[in-house]
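Subject: Model handover and packing notes

Hello,

Here is the model for your review. Please open it alongside the notes below.

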Amino acid sequence: MTSTTSTRHAITILGAGHIGFAMALLLQQAGGYDVLVADRDASRLADVAALGISTRLTVDDASLQAAIDGRFAVLNALPFHRAVPVATLCASAGVHYFDLTEDVASTQAIRALAANARSVLMPQCGLAPGFIGIVGNDLARRFDTLHTLRMRVGALPRYPQGALRYNLTWSTEGLINEYCNPCEAIVDGVRTTVPALDGLETFALDGVEYEAFNTSGGLGTLTETLAGKARQVDYQSIRYPGHNAILKLLLNDLRLRDRRDLLQDILETAIPTTDQDVIVIFATASGLKGGRLVQDSYSARIVGKQVAGHTLSAIQLTTAAGICTALDLVAHGQLPQQGFVGQEAVALKDFLANRFGEAYAQERALTL
């Protein structure tokens, strides 16, 4: 990847974990950005520094503020509960802000902050929420009258083992949020919430059997955008068959939804992580076009790859590519330059044509 901008923008990445590292690597390889990575964990910063990227230890509010002030943009890869505090600092400093949060309340708070902001505040820039909302909005715009829009995304092990047939590929805290919190949807034309883990369905894609069920946060602001324009809109996570039943045992029968810290400890102790993962994306929409009832679909299968000698897992690659694309589109003037920016503001063709967004097209199965 090569830079298409003559101005080098100063960027701070907050968080030097797996996703923060991937973001820093992609931006470094693309060029056009002076990258600083800040974290309170010195060992994580050492891995980033080995890439030749500047780092800063942030041990208190003053050092965090210093990492933000005067920058073109901040890319927040910290846990979801840090989204609103960091966005508040960025709005006050007039610095563009991007994050990956799946937390609905945090996004609503950031939207309120953006009302008088001098800079862009753009949360939910990952895979889901993020790219799937861009796909969903693109499908919705193809219809004269939209009836249903169903979006399915899974970050799955390529070689599943055990009864759960699952490996930890990203934030356990964020995963638990998705499994426990209410899920936004449009049902019979009305914006509402539905319970997580409900709506179980099974399907096959490219000869592989999957199940899918309601999880929280994946739609971003899409239910608001499509309110009054669709009968049914929903989002579900894709898993291998059997996962949902075990989750219901853990969360409902054993009441671990009320003890999330214990659940996180159990999952991180018992379920291994893996870099051998695959992202499965499947979205379908139906409605009227020219007076005819038709259906359009989008399907993609994405695996990890080597970048400058470093292996990025599929979830690292897609999540980092999503937020880097959002940054790049703002930096090149292809998106609004201040205020709240939802994912629906991004055209799918612009995303996939972007030097970072092209990662999503590497093994795309079909687009109808």
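What covers the buried residues of α9? The cover includes α7 (172-180), β11 (208-214), β12 (232-239) and α10 (260-270). Before the rest, the ground rules. This is a predicted model: local features need pLDDT of at least 70, side-chain atom pairs count only at pLDDT 80 or more, and totals for chains, interfaces and linings use all residues. Residues are numbered from 1 along each chain as its sequence is written, and side-chain values use heavy atoms, with hydrogens and water left out.

Terms, briefly. Helices (H or I, at least four residues) and strands (E, at least two) are DSSP runs, numbered from the N terminus. Buried means under 20% relative accessible area, exposed over 50%, and partly exposed in between (1.4 Å probe, protein chains only). Contact means heavy atoms within 4.5 Å.

Helix α9

Helix α9 spans residues 243-253. Its buried residues are His243, Asn244, Leu247, Leu250 and Leu251. The arc is taken from the directions from the helix axis to the C-beta atoms. Ala245 and Asp253 are exposed, on the face turned away from the buried side. Arg255 follows α9 and has a positive phi, near 60°.

α7 against α10

Two of the elements covering α9 are α7 and α10. These two helices pack at about 120°, with axes 10 Å apart. Axes are lines fitted to C-alpha atoms, for helices over the stretch in contact, and angles run from 0 to 180 degrees between N-to-C directions. α7 and α10 are therefore oblique to each other. For the angle classes: under 35 degrees counts as roughly parallel, over 145 as roughly antiparallel, 65 to 115 as roughly perpendicular and the rest as oblique. Thr172, Glu173, Ile176, Asn177 and Cys180 of α7 meet Arg260, Leu263, Gln264, Leu267 and Glu268 of α10.

In α5 (residues 104-113), Ser106, Thr107 and Ile110 are buried. They cover an arc of only 100° around the axis, which puts them on the same side of α5. Gln108 and Ala112 are exposed on the other side. The buried residues pack against α4 (83-93), β5 (96-99), β6 (120-122) and β17 (339-340). α4 and α5 pack at about 15°, with their axes 9 Å apart. That makes α4 roughly parallel to α5. At this contact, Ala83, Val84, Ala87 and Thr88 of α4 meet Ser106, Ala109, Ile110 and Leu113 of α5.

Nonpolar cores

A nonpolar core is a set of buried Ala, Val, Leu, Ile, Met, Phe, Trp, Tyr and Cys residues joined through side-chain atoms within 4.5 Å. The largest has 78 residues, and Leu27, Leu75, Phe98 and Ile281 have the most contacts inside it. Helix α11 (residues 314-331) gives the largest share, 12 residues. A second, separate core of 17 residues includes Ala67, Ile68, Val74 and Ile110.

Beyond its neighbours within four places in sequence, Phe98 is in contact with residues including Leu75, Met122, Cys125, Ile323 and Val330.

Ile11 sits in strand β1 (residues 9-14). Ile11 is buried, with a relative accessible area of 0%. Leaving out residues up to four places away in sequence, Ile11 touches Leu27, Leu75 and Leu327, among others. Ile11 and Leu27 are 16 residues apart in sequence and 9.3 Å apart in space, C-alpha to C-alpha.

Best wishes
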